[in-house]
Amino acid sequence: MLKGQGLPLEFWDEAAVTGAYVRNRIMNGPRAGDKVFSPYEAFYGQAPTIDHFRRFGCQAVSYVDPKSLPVHDKRNPKQVDKGRLGVFMGYVNETTK
C-alpha cells in the first residue's frame, strides 16, 4: 500500500492497521453452508458497512473549526480556510464523518 501510493516507510503502522480494518470487513471469513461471512459479521452478527472506504494514501481534506484558532490570532474567522489538504492514512473509530 505504501509503495503503491509513493508514501515513505515511516507510515508502515498506519498501513498495517488500515489493511487489517479493510480485511476484517470483506468477505474472506468463515463459511456456513454456501454463505461466506466477513470476520466482522461473524463476530458482531451484522453485516458491516463499507460505503465509507477510501483508497489508502489518496488526497483528503480535513475540517478546521474556526473556534479552534489561537486567541491571539486577530484574523476574521471568515478569512480562514475551512479545510487543510492532507493524505488519507486510515480509519479511526473515535472520529465522525
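A residue is buried under 20% relative accessible area, exposed over 50% and partly exposed in between, with a 1.4 Å probe and protein chains only. Glu 41, at 12% relative accessibility, is therefore buried. The model is predicted: local features need pLDDT of at least 70, side-chain atom pairs count only at pLDDT 80 or more, and totals for chains, interfaces and linings use all residues. Residues are numbered from 1 along each chain as its sequence is written, and side-chain values use heavy atoms, with hydrogens and water left out.

Glu 41 has a charged partner. Its side chain meets that of Lys 35 in a salt bridge, 3.8 Å from N to O. The term covers a side-chain nitrogen of Lys or Arg within 4 Å of a carboxyl oxygen of Asp or Glu. The structure holds one such bridge. Lys 35 is partly exposed, at 41% relative accessibility.

Now the rings. Rings of Phe, Tyr and Trp (its six-membered ring) pair if their centres lie within 6.5 Å; planes under 30 degrees apart are stacked, over 60 edge-to-face, the rest tilted. The count is six aromatic pairs. Phe 53 and Tyr 91 form a tilted one, 5.7 Å centre to centre with 45° between the planes. Phe 53 lies in the loop between α3 (39-44) and β3 (59-63) and Tyr 91 in the segment after β4 (83-87), so the pair ties together parts 38 residues apart in sequence. Helices (H or I, at least four residues) and strands (E, at least two) are DSSP runs, numbered from the N terminus. Tyr 91 is buried, at 16% relative accessibility. Ring pairs link Tyr 21, Phe 53, Phe 88 and Tyr 91 into a cluster.
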